[in-house]
Each structure stands twice: as structure tokens, then as C-alpha cells.
Amino acid sequence: MTETYKALVANRQNGKLAVGFEQLSATEIGEGDVEVAVEYSTLNYKDGLAMADAIPIVQKDKLILGIDMAGTVVRSESTRFKVGDKVVLNGYGASETHNGGYTQRLRTNSEYLVKLPAGISTRQAMAIGTAGYTAMLSVMRLESMGVVPESGVVLVTGASGGVGTVAISLLSALGYRVTASTGRMDEAAFLKGLGANDVINREELSEPGEMLQSTRWAAAVDSCGSHTLANVLSQLHYSGVVTACGLAQGLDLPSNMMPFALRNVSLLGVDSVHAPMPLREQAWSRLAKDLDMAKLEALTVNIPFEDLPAAAGKILQGQIRGRAVVEIV
Ligand code: NDP
């Protein structure tokens with residue numbers, strides 16, 4: 001009997017996106033020079049957006065969903081990978097223009113794959129996922145601007161989410177004093193367990209504020225955008241730095257010139273999807289070195305493969321704490 005592989009697939013018909021499980025044949029699992037037996041994937045905010053078709057992420061009529069996967073190479077025509085290698089895929093158009101990670105078997109382009117560093121299992125790689133790898137890219141961006149623990153307090157917004165929880169864990173391990181901003185004050189003890197020194201209610205940041213406010217933060221990792229990011233900019237110390245990767249509050253940025261012109265602040269974009277390979281490899285090796293794997297486990301929840309479509313709505317409503325890992329069985 002011909003082998004088939006279970007996958008969560010998006011089909012667009014008459015403009016509407018239908019999401020459901022299918023058994024795919026070997027010819028339907030993608031194109032490329034490497035084939036991977038997928039072991040784990042994950043649920044990111046962007047996966048939620050893709051499944052809900054909230055913004056146009058899926059750009060083909062039929063596509064395997066999932067922006068991340070980790071697994072073992074089972075076939076390779078690439079000189080970079082051999083059978084048995086453990087690999088991770090983050091973004092690079094997965095679930096946008098070509099097949100993603102919600103599948104037992106994926107054929108893909110070797111240029112999209114990073115070899116997992118020793119010390120990170122495929123499950124841990126997906127507990128990190130795009131959100132955690134983006135948190136690492138954000139911390140590296142702050143470092144590139146000269147931010148060090150002695151600079152002062154670093155704010156993390158969207159603290160209970162994927163980017164937020166991993167950013168707190170990383171910054172704390174690196175010796176920074178961290179303040180977490182959350183809408184879930186009942187998670188304060190959890191956030192402090194990850195390494196936050198202080199926890200504030202996100203309402204302090206989410207409403208329109210003055211152009212310049214009392215300075216509070218040496219740096220910040222923001223995944224919310226909108227008024228949250230505008231207020232963070234207005235509260236940065238002189239020469240403060242904030243990284244911006246996300247839009248959990250909104251796509252807009254209702255800010256002004258004053259923090260830039262009078263306080264010399266910097267706003268740094270962070271994109272994980274098209275990050276060049278050397279930067280990805282650096283980020284993954286930093287994660288292996290700097291992320292406390294016990295904390296990673298503490299911030300991870302397991303979601304069964306079958307429950308992914310239902311969980312998509314939950315992540316969009318901010319109901320998933322930390323990172324969600326999915327065993328592909
Ligand atoms: P999560 O859903 O895991 O976390 C987002 C967090 O934001 C929530 O947990 C919540 O934290 C907070 N939040 C939710 N709604 C609001 C709101 N209305 N106002 C203020 N805060 C809110 O998502 P991820 O961590 O996976 O991703 C975060 C963002 O970053 C998303 O927009 C995502 O698309 C983006 N992203 C971008 C990447 C890139 O390459 N540029 C890569 C990865 C993510 P709390 O309950 O603690 O307040």
C-alpha cells in the first residue's frame with residue numbers, strides 16, 4: 001500500500017479558506033532537495049492568524065499550514081544535510097507560499113533549514129519555535145546597539161505570550177533586570193518564576209499617552225505594537241532602544257517625533273521570516289547556550305495535533321500562556 005502522511009491543510013475555494021486534516025501522498029508533501037520526518041511543530045500567533053485567514057498569510061490555493069517544524073532528515077540531495085540530521089524550519093515562507101510544518105512528512109528546500117545545535121532536542125526546538133527564536137533575534141538586536149545589563153531595566157510587553165516568555169527567560173539568564181507587562185496579572189508569579197523582577201499591568205501602556213513621558217526603560221522588547229509601542233517609545237531613557245516584532249495590540253503605531261528628536265531613542269524592527277541564514281544559525285546557537293531549558297519546559301504547553309484548528313482561536317484571544325508545542329503523530 002502507498003504510504004500517506006497526515007497533514008493540516010488549507011484549501012481556498014471561492015475566496016474562502018477551509019482548514020482540515022488530509023492524508024497526503026509522497027507527491028503532495030512539498031518540493032525541494034530534503035525530506036524530513038517531522039516530529040514536532042508549534043502554534044504561533046501567526047499560525048492562528050493563518051488558520052483564521054485574518055490577514056492574507058496563505059497565498060496559495062492549497063498549502064500545508066504551520067510556520068515551524070523540527071524533525072529528522074530522511075532523504076537528502078543537499079550537501080549541507082545527511083540522513084539522520086536533526087533540523088529546524090522557521091518561516092522562510094512556510095505556510096505562506098510553500099508547504100509548512102503541520103505534516104508527518106515534509107519535502108522542502110535545504111536553504112530553509114537550520115541544523116539543530118547539540119543540546120536542543122526537536123521538541124525543545126518547537127517549544128522555542130518562531131516566537132522564541134524571534135525573542136532571541138530581539139535580544140541580539142538590543143545587544144548590537146550596546147545594551148548591557150548595566151544599562152538599566154528592560155521592559156518586555158506581551159509578557160505571557162510566546163515572544164514575551166522566552167524574552168524574559170533569556171534576558172534574565174543574561175543578567176538583565178526585567179519588567180514584564182501583561183494583561184494577565186494572575187500570571188505574575190509565573191512571570192517572576194521565568195525571571196521577571198517586576199510585573200506591571202498592560203493597561204499602563206495600552207491607552208493613548210503623552211508625547212513624552214517620565215523615563216522608565218533602558219530598553220524594551222515589544223510584540224504588541226499600537227499604543228503599547230507608542231508609550232514605550234515615550235518612556236525610554238535617553239538613547240534607549242526598543243525592538244518591535246509584533247502587532248498583538250494592533251497594526252498601527254500612533255507615535256510622534258519627540259522621543260526620537262529629543263531623547264535619541266531607537267526603534268528597531270525584527271523580522272524572523274526572511275532573516276539570513278548566518279543570523280539564524282547564530283540565534284539557534286545562542287538559544288542552545290543562553291536559554292534555561294528548565295524554564296523553557298515551564299513555559300511550554302502541549303497541544304494534540306488534532307486540536308490545532310480549535311487552538312488557533314485561543315491564541316488569537318490571548319488564551320495560551322507561553323509556548324505551545326505540537327507532537328506530530
Ligand atoms: P502570543 O499570542 O503568544 O503572545 C502575544 C501576547 O500579547 C499575549 O499573550 C498577550 O500577553 C499580549 N496581548 C494580546 N492581546 C493584546 C492586546 N490587545 N493589547 C496588548 N497586549 C496584548 O503571540 P506570539 O508571542 O507568538 O507573537 C506576538 C506577536 O509577535 C504577534 O503579533 C506575532 O505575529 C508577532 N511575531 C512576529 C514575528 C516577526 O518575524 N516579526 C515573529 C514572531 C511573532 P499578556 O496576556 O501577557 O498581556
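Author: What follows is a description of the ligand site, then of the pocket around it. The model is predicted. In this model, 25 residues surround the ligand, and the closest of them are Thr 182, Gly 183, Arg 184, Arg 202 and Ser 272. For Gly 162, a backbone N or O atom is 2.8 Å from a ligand oxygen, and for Tyr 45 the corresponding distance is 3.4 Å. Taken alone, the ligand exposes 910 Å², and the protein buries 88% of that.

Two elements give two or more residues to the shell around the ligand: helix 2 (122–144) and helix 3 (162–173). Helix 2 gives the most, with three residues. Sorted by class, the shell holds ten nonpolar, twelve polar and three charged residues.

The ligand sits in the largest pocket. About 1,000 Å³ of space lies in this pocket. The pocket is lined by 44 residues, and those closest to its centre are Tyr 45, Ser 223, Gly 246, Leu 247 and Ala 248. The elements that give two or more residues to the lining are helix 1 (45–52), helix 2, helix 3, strand 10 (178–182) and helix 10 (308–316). By class, the lining divides into 18 nonpolar, 21 polar and five charged residues.

Note on methods: Residues are numbered from 1 along each chain as its sequence is written. This is a predicted model: local features need pLDDT of at least 70, side-chain atom pairs count only at pLDDT 80 or more; totals for chains, interfaces and linings use all residues. Side-chain values use heavy atoms; hydrogens and water are left out. A residue is near a molecule or strand if one of its heavy atoms lies within 4 Å of it. A polar contact is a pair of N or O atoms within 3.5 Å; within protein, one must be able to donate a hydrogen and the other to accept it, and residues adjacent in sequence count only if both atoms are side-chain atoms. Accessible areas come from the Shrake-Rupley method with a 1.4 Å probe; for residues, only the protein chains shown count as cover. On a 1 Å grid over the protein atoms alone, a cavity is a set of points where a 1.4 Å probe fits but cannot get out, and a pocket is an open set with protein on both sides within 12 Å along at least five of seven lines; lining residues have an atom within 4 Å of a point. A molecule sits in a cavity or pocket if more than half of its atoms lie within 2 Å of its grid points. Helices (H or I, at least four residues) and strands (E, at least two) are DSSP runs, numbered from the N terminus. Ala, Val, Leu, Ile, Met, Phe, Trp, Tyr, Cys and Pro count as nonpolar, Asp, Glu, Lys and Arg as charged, and the others, Gly among them, as polar. Grid points are joined across faces, edges and corners, and a volume is the space filled by probe spheres set on the points.
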